[in-house]
Amino acid sequence: MNLLTDILSLTKDELTERLSKMGEKPFRAGQIYRWLHQKRVTGFEEMSDLSLTLREKLENEFTLCRIEPVRILKSQVDGTVKILYRLPDGNHIETVLMSYEHGDSLCVSTQAGCKMGCRFCASTIAGFKRNLEPSEILSQLYETERQTGRKVSSIVLMGIGEPLDNFDNVVKFLRILSSPDGANMSLRHVSLSTCGLVDRIYDLAELNLGLTLSISLHSPYDEKRSELMPVNRRYPITELMRACRDYFSVTGRRISFEYALIDGENDSLEDARALCGLVSGMPSHINIIPVNKIKERSYRSDRSSAQRFCKTLCGLGVNATVRRTLGADINAACGQLRREEEQKA
Ligand code: SAH
């Protein structure tokens, strides 16, 4: 059994408290935090302005999480990099680095697998293993910057897993990420995507962290949405939209909706009209994504249908755009690399 504490998962306050129990002064926490999160050392011995005794004490009390890249795929068309990481316990997750005009954005996983069961999603097919620790979410940023030499300017929690199903660790990750002695990233540059765990949306609103909430909607009708996303049976659309309005009124942040367009499933004129009715009067943005093909399902769509649907929505006065397709040559649909790796095992 590992009795050492995972130091990268501690908030600065938690580290300060631990160090004070070890008889260390509070300023040491800031010093160590900067070594960990800014200089990003890979061992305590590298913390050269600490005494040897303290470095040894740290070694005896803490572990430093490291995730290992096992496959790195680089797109030849648009600079997208997709990395399959092995976690310390042998599970696998995926991270995708995307390049946009405004800078590089990193899509991180929050769980090894997913329990939510969305029909079109590859992450769910390989099954749920466990929640990620804050250190494992953070390490996707640190290791990807290390591996690629690129600087990430925004983060989307849209990789494998349902972030609100790992609420406490995700919130801790966000606190560490935005700590001035840490990576110091403003949470204005972070988006969290959820399939719609309504209770947790209220909890998140209360924390008012300043991040963008992104809702995976995919249909304006309960019957169809429940078919595509089983979570809708527990949290139907009316309740979800109520939580979205609450999130906006508490945080003042416009809600973003994801809409994976699927031929013959959710792409009719009635769908567009109903969608328009749902978001009317609420500051929002709808992101249309032609569904990514996965081999277990026959769902299809293409860019031209997405553009047509988007035009219809815009004509109805809805703020909508088609998401740029990135990494088409490296099959960037989330969860596919992990599933291949698990199948090998
Ligand atoms: N669990 C969270 C975040 C991870 S999924 C959520 O559901 O939002 C990130 C986004 O990718 C979600 O909008 C999800 O619905 C979408 N997605 C999953 N599989 C997809 C596919 N095959 N094609 C298009 N979008 C997909």
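Colleague: What are the ground rules for the values?
Modeller: This is a predicted model in which local features need pLDDT of at least 70 and side-chain atom pairs count only at pLDDT 80 or more, while totals for chains, interfaces and linings use all residues. Residues are numbered from 1 along each chain as its sequence is written, and side-chain values use heavy atoms, with hydrogens and water left out.

Colleague: Why are α5 and α6 called oblique to each other?
Modeller: The axes of α5 (residues 134-148) and α6 (residues 167-177) cross at roughly 45 degrees and come within 8 Å. Axes are lines fitted to C-alpha atoms, for helices over the stretch in contact, and angles run from 0 to 180 degrees between N-to-C directions. Angles under 35 degrees count as roughly parallel, over 145 as roughly antiparallel, 65 to 115 as roughly perpendicular and the rest as oblique. The pair α5 and α6 is therefore oblique.

Colleague: Which residues of α5 and α6 meet?
Modeller: With contact taken as heavy atoms within 4.5 Å, Pro 134, Ile 137, Leu 138 and Leu 141 in α5 meet Asn 169, Val 170, Lys 172, Phe 173, Ile 176 and Leu 177 in α6. By class, this contact has eight nonpolar, one polar and one charged residues. Ala, Val, Leu, Ile, Met, Phe, Trp, Tyr, Cys and Pro count as nonpolar, Asp, Glu, Lys and Arg as charged, and the others, Gly among them, as polar.

Colleague: What makes α1 and α2 oblique?
Modeller: The axes of α1 (residues 12-21) and α2 (residues 27-37) cross at roughly 125 degrees and come within 8 Å. Therefore α1 and α2 are oblique to each other. Lys 12, Leu 15, Thr 16 and Leu 19 of α1 make the contact with Arg 28, Ala 29, Gly 30, Ile 32 and Tyr 33 of α2. The classes in this contact are five nonpolar, two polar and two charged residues.

Colleague: How are α11 and α12 placed?
Modeller: Helix α11 (residues 269-279) packs against helix α12 (residues 303-315) at an angle of about 45 degrees, with the axes 10 Å apart. That makes α11 oblique to α12. The contact is made by Leu 269, Asp 271, Ala 272 and Leu 275 of α11 and Phe 309, Thr 312 and Leu 313 of α12. By class, the contact has five nonpolar, one polar and one charged residues.

Colleague: Where does Leu 64 lie, and what is it in contact with?
Modeller: Leu 64 is in the loop between β2 (62-63) and β3 (68-74), strands being DSSP runs of E with at least two residues, and helices runs of H or I with at least four, numbered from the N terminus. Leaving aside neighbours within four places in sequence, Leu 64 is in contact with Ile 7, Leu 8, Leu 36, Val 41, Thr 42, Gly 43 and Phe 44. From Leu 64 to Ile 294 is 230 residues in sequence and 36 Å in space, C-alpha to C-alpha.
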